[in-house]
Amino acid sequence: MSAIPSVNLEDFISNDKTRKEKFIREIGSAFENIGFVALSGHFLSEKLVDDLYSEIKKFFNLPQEVKDKYEIPGIGGQRGYTSFGKEHAKGKKEGDLKEFWHFGQYVENNPKLEKEYPANVEVQELDNFNATGKETYKMLEKTAKFVLRALALHLNLEETYFDNYIKNGNSILRPIHYPPIQQEPKNAVRAAAHGDINLITLLMGAHGKGLQVKNHDGEWVDAIAQPDQLMINVGDMLSRLTNNKLKSTIHQVVNPPKELWGTSRYSVPFFMHPISEMPLNCLENCVDKDHPKQFEDITAGEFLHERLIDLGLITK
């Protein structure tokens, strides 16, 4: 596959059975074949998108000493600010050429999870930053819920199979700033080739060249969304759960041509995570004699901990 397929979530949430089945078939095929899809019909308004980009640009333009006070030690970067070059891809030593912020779950009616998750970090210098981030988080979480409902049906599960696992899940909204490149990077790119940890990722800001996806033939394919689209991909947790029926695809953000080094890039992925107790054991209907079980049993929380160590964000 040499291009990223497009789907419209309005087909799934319509009351038209034919349109709903079309969406399930199209997104299931895309996630089996390349692991990425461009999605329109989501729950983000144009105003909310514009407001979010305005706020995150204001934050990343704050003086470095102001941003640094929001980098919280001891939580593995799960909330607040992570400074430039700190995160690296699994198996890489060079830090990625980016800085980012994390909004986390806004837990409802669950004291146990309120204690388990780090508290969200409130930026004092910007009046609308925190509220805009929360609203974006909620709308992307809502979009992801319906995408997972479609995938559940594709996998011959109950439509609401994922609902209780993702309610109050450990999901992350990550506004990223890739600053202008000042000098020839030594073996570093804006985001080195990697797979995502989570169930699915919903990406805002893939509207220009930079994001590339590795297809099954080993070729790098440009992933460019239309202005009203989100780019959505399968993460490693969903790949494990489905015994690799749904593919977690390697992707990267490459450096721009030299004439564009002086420009910033912004993107905003939403990493949909379940609660820590969710078992990622391969689904029985994804295992047979032609598709033997590929992964050991593990919970989502255990798997996340392993991967945060791999990424250099926490120590053992």
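The model is predicted: local features require pLDDT of at least 70 and side-chain atom pairs count only at pLDDT 80 or more, whereas totals for chains, interfaces and linings use all residues. Residues are numbered from 1 along each chain as its sequence is written, and side-chain values use heavy atoms, with hydrogens and water left out.

The protein chain contains nine helices and 13 strands, where helices (H or I, at least four residues) and strands (E, at least two) are DSSP runs numbered from the N terminus. Of its 316 residues, 55% count as buried; the term buried denotes a relative accessible area under 20%, exposed one over 50%, and partly exposed a value in between (1.4 Å probe, protein chains only). Among contacts (heavy atoms within 4.5 Å) between residues at least 6 apart in sequence, 78% join residues at least 24 apart.

Helix H6 spans residues 129-154 and comprises 26 residues. From its first C-alpha to its last, H6 reaches 37 Å, close to the 38 Å expected at 1.5 Å a residue; the expected span is 1.5 Å times one less than the number of residues in the helix. Because 20 of its 26 residues are buried, H6 is largely enclosed by the rest of the structure. The helix is followed by Asn156, which has a positive phi, near 60 degrees.

Two packed helices are described by the angle between their axes and the distance between the axes. Helix H2 (residues 17-33) packs with H6 at an angle of about 85 degrees, the axes being 9 Å apart. Axes here are lines fitted to C-alpha atoms, for helices over the stretch in contact, and angles run from 0 to 180 degrees between N-to-C directions. H2 is therefore roughly perpendicular to H6, given that angles under 35 degrees count as roughly parallel, over 145 as roughly antiparallel, 65 to 115 as roughly perpendicular and the rest as oblique. On the H2 side, the contact is made by Lys20, Phe23, Ile24, Ile27, Gly28, Ser29, Phe31 and Glu32; H6 contributes Val147, Ala150, Leu151, Leu153 and His154. By class, eight nonpolar, three polar and two charged residues form the contact of H2 with H6. In this classification Ala, Val, Leu, Ile, Met, Phe, Trp, Tyr, Cys and Pro are nonpolar, Asp, Glu, Lys and Arg are charged, and the others, Gly among them, are polar.

In S2 (residues 36-40), five of the five residues are buried. Phe36, Ala38 and Ser40 point one way from this strand, and Val37 and Leu39 point the other way. S2 runs parallel to strand S1 (residues 6-8), to which three bridges join it, with Val7 opposite Leu39. S2 also pairs with strand S11 (residues 230-234), in the antiparallel sense and over four bridges; here Leu230 is the bridge partner of Leu39.

S11 is likewise joined to S8 by four bridges, in an antiparallel arrangement, and Ile232 of S11 stands opposite Leu202. In S8 (residues 200-204), five of the five residues are buried, and both faces are covered, with Ile200, Leu202 and Met204 on one side and Thr201 and Leu203 on the other. A further antiparallel pairing, over five bridges, links S8 to strand S13 (residues 265-272), in which Val268 stands opposite Met204.

The loop between helix H7 (163-166) and strand S5 (172-173) holds Asn168, a residue other than glycine with a positive phi near 60 degrees. Asn168 is buried, with a relative accessible area of 8%. Gly169 is found in the loop between H7 and S5 and is buried at 0% relative accessibility. When residues up to four places away in sequence are not counted, Gly169 touches Gln105, Tyr117, Tyr137, His273, Pro274 and Ile275. Gly169 and His273 are 104 residues apart in sequence, with a C-alpha to C-alpha distance of 5.6 Å.

A positive phi is also found at Asn244, about 70 degrees, although this residue is not a glycine. Asn244 is placed in the loop between helix H8 (236-241) and strand S12 (251-253), and its relative accessibility of 25% makes it partly exposed.

Note on methods. Two strands pair if DSSP finds at least two bridges between them.
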